[in-house]
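Thanks for coming, everyone. Let me put the model up, and then we'll walk through how it is divided and where its parts touch.

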Amino acid sequence: MKAFATLLDRLVLTPSRNGKLKLLADYFRDTPDPDRGYGLAALAGTLDLRNIKPALLRELVLEKLDPVLFQYSYDYVGDLAETMALVWDDGEKDDTTDEEQPRLSEVVAMMNSLGRTEVRAAVRDLLDHLDPSSRFAFLKLATGSLRIGVSARLAKQALSDMSGKDVTEIETLWHGLGPPYEPLFAWLEGRAEKPVLATPAIFHSVMLANPVEEGDLEKLDPEDYAAEWKWDGIRVQMSSYGGTKKLYSRSGDDITGAFPDIVDAINFEGVVDGELLVGGTMRSNSPTRTFSDLQQRLNRKTVTSRMLDDYPAFVRAYDLLFQSDEDIRTRSFFERRELLGEVISKAPHDRFDLSDLVAFSDWQELDRLRVNPPDPVIEGVMIKRKDSPYQAGRLKGPWFKWKRDPYNIDAVMLYAQRGHGRRSSYYSDFTFGVWSETPDGEQLVPVGKAYFGFTDAELEVLDKFVRDNTVERFGPVRAVRAEPDFGFVLEVAFEGINRSTRHKSGVAMRFPRIARLRVDKLPRDADRLSTLTAMVEAREA
Amino acid sequence: MKPEALLHPTAAGLFCPIGRFHVDPVRPVERALITHGHSDHARSGHGKVLATRQTLDIMRIRYGEDFCGSEQAVGYGESVDVDGVTVCFHPAGHVLGSAQILIQRDGLRINVSGDYKRGTDPTCASFEPVACDVFITEATFGLPVFHHPDPKSEIGKLLTSLKQFPERSHMIGAYALGKAQRVIRLIRDCGYHEPIYIHGALSRLCDYYRDQGIELGDIRPATLEKKDPDAFKGAVVVGPPSAFQDRWARRFNEPLIAFASGWMMVRQRAKQGGVELPLVISDHCDWPELLETIKEVGPSEVWVTHGREEALVRWCELQGFPARPLHLVGYEDERD
């Protein structure tokens, strides 16, 4: 438990990705089985641990501590698990040695074997035998909220760093294995053969594309590539085998329950990759509807029949990973697509269609098609190497996404906040605003926040402006001068824009970043909120 | 005599009307008794100042030659008569020269403990419990959440991080008086003998500690001869915490910010301050030490000065020690 607790303590406060990877890889290398496997599961969200209710924890701590003193402590710390971890010793000095503390695997085994009536005493006893840092780790695990900024993907990357094995290989295996992952570690350390998966009816990590960047395409022969429209829905995977039918999001969340219309229509065995959309399939000759319509169906556990009628869902198929139980991921994109076409042609025509290929002879032609797509729900093109195997993860080279140009506005810097890590001495997080008519006249209203897109040299300029023009401070945040004739204009680029009830301005941008510093412009030249609302309306139209 | 007749709080700080002196006054007064050299306790501009030799020296370093009208040095354990009131200084274990001040008259003993800690610290004399009727205690860390671990295990975290991230400059935030020197000494005692670089604000106090016989090893100024961030690759740099948010910090290679403070016990505090490596090292008592000291001294009354008074008063009441908060203002409870 101690090693895992120490890891958590460091991860919580380490903002840089490389720093996290180093800490994780060291932990996986230095910690014995099966503890590291449970640690991995806890980080990747696959650990199954009996849950403890906060109410029980409160009762336990109040057996030991005066309620008034507990309340003072809780008010100060603000987090129940952390308060518990810190006050548990009360007036005693902690004298737990690292060796005396139970191991993570022992804690998991013990917690999962308890009868309902045994929980209280077992948790009390465990807390007595852990030091404050391990208590915190245990309480976070048992209350089910780790929240330390580590994704499953990052944990897998650390496994790759530690072993030298390719992360896509780890991804391919991942969903077929479970805690404590001993066969996985044995293979990573070269002590055993690669583990073999039992059934294909699980989620398989998806293959992702890289954005096309300056100069990428010139190096590539258009002959080697095929193109498809990039639809603005959500990426999904359908997995069907031996009567089990599942629908997963691209991160592996099981969303079967929310889409009975699709799942019930599955009449094939295998694993299909595609885009979840609402509206009608091309085969049924009805239009594909917008992302905002699709949102009506997202983030729901169940769905009403009214919803099913008003927002019918379908899948536009992109790829085939398994044909029945045969893994065909190593075959070429064209071969897989041919097999996919056969599967989809026999599937219900109102729920499934095949993503069209876009014919093009050179990159200029594809560029023209990308900028003027035939359907408003298309957000660009996908470019796939004809001979590419299906490899989990985001590899540079086989697949690209080439979106329509991002949106651009000129906005005014309103607030700046210091960054983290390498940037902790710089003001590098910027809140920006645009002009809007308010009861108090024309005002700059905040519309978003951006903290990348600029170069190191530009950051020096931005930071200097903030330090020289601060008008007010709120903790780590500074308000800067922003008047019609004095201020800093930023050209902000973003990927998309939606209505938002959460933001005061009523709009929310996707992935805003600072594209250029417009020192040539004055705040009075910046855009107006109406420009942004027009963008939303154009999108919805 | 009622204790309040011998000593009571005023706007300027604790005041003894019989001896006509203040203890750690927060504004200039005629006669001041000073417990230790931290700037919120030891201010300049008083008429007469009575303190330990080291505290007087530290005040001179910080405020210059004319920091007061006249000074009088007192040794630990030495009794001095101030207008019919006997005062005696005892070690407080807080920083070099820090003292508790025992104030006696007609058999009534009030002990102003100032800031104090109970853990071992090779850079200053250890706290001595002093029997008294009224014990005046700080409560900087007066909440059950505060438990300060063994400082050497905290330094162990730093040494581990230096091995894990050998390319990054490890910047340790530590207050200039006491904490900085203690941290440097702890690092040495844990077997690290590379040069340690210090911010300019620390240099005169580090020199003074060394003059007083406290070994700090090879310490060098963290100034930049050439504009080369690699010069501090993997180095340990100690400076006041405020300096790390300043342009000064840019000269270092991928700085990893550590902060040596009792506040680092609470993760959210560390996170808000942008600290990557919290080192829980405090020059104040933690909760168990506060309770242990009150039980050991066994006073008939406890007065609680600055910090989290309400929780410590609550505990005293539950234990049967009459207690009251003094609500003194002007002491920064953040300093540690």
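Start with chain B. The domain assignment gives domain 1 (3-145 + 284-325) and domain 2 (151-279). Those bounds come from an automatic or database domain assignment. Taken over C-alpha atoms, the centres of domain 1 of chain B and domain 2 of chain B are 30 Å apart.

A word on the source. This is a predicted model: local features need pLDDT of at least 70, side-chain atom pairs count only at pLDDT 80 or more, and totals for chains, interfaces and linings use all residues. Residues are numbered from 1 along each chain as its sequence is written, and chains are lettered from A and ligands numbered from 1 in the order in which they are written.

Back to chain B. In domain 1, 17 residues are in contact with 15 residues of domain 2. Contact means that C-beta atoms, placed from the backbone, lie within 7 Å. What is on the domain 1 side of chain B that touches domain 2? Seven nonpolar, seven polar and three charged residues. Nonpolar is Ala, Val, Leu, Ile, Met, Phe, Trp, Tyr, Cys and Pro; charged is Asp, Glu, Lys and Arg; the others, Gly among them, are polar.

Now chain A. It has domain 1 (2-142), domain 2 (207-403) and domain 3 (407-540). The C-alpha centres of domains 1 and 2 of chain A lie 42 Å apart.

Last, the two chains together. Chain A puts 31 residues in contact with 31 residues of chain B. Which helix supplies the largest share of the chain A side? H5(A), with six residues. Helices here are DSSP runs of H or I, at least four residues, numbered from the N terminus.

How values were computed
Two residues are in contact if their C-beta atoms, placed from the backbone, lie within 7 Å. Helices (H or I, at least four residues) and strands (E, at least two) are DSSP runs, numbered from the N terminus.
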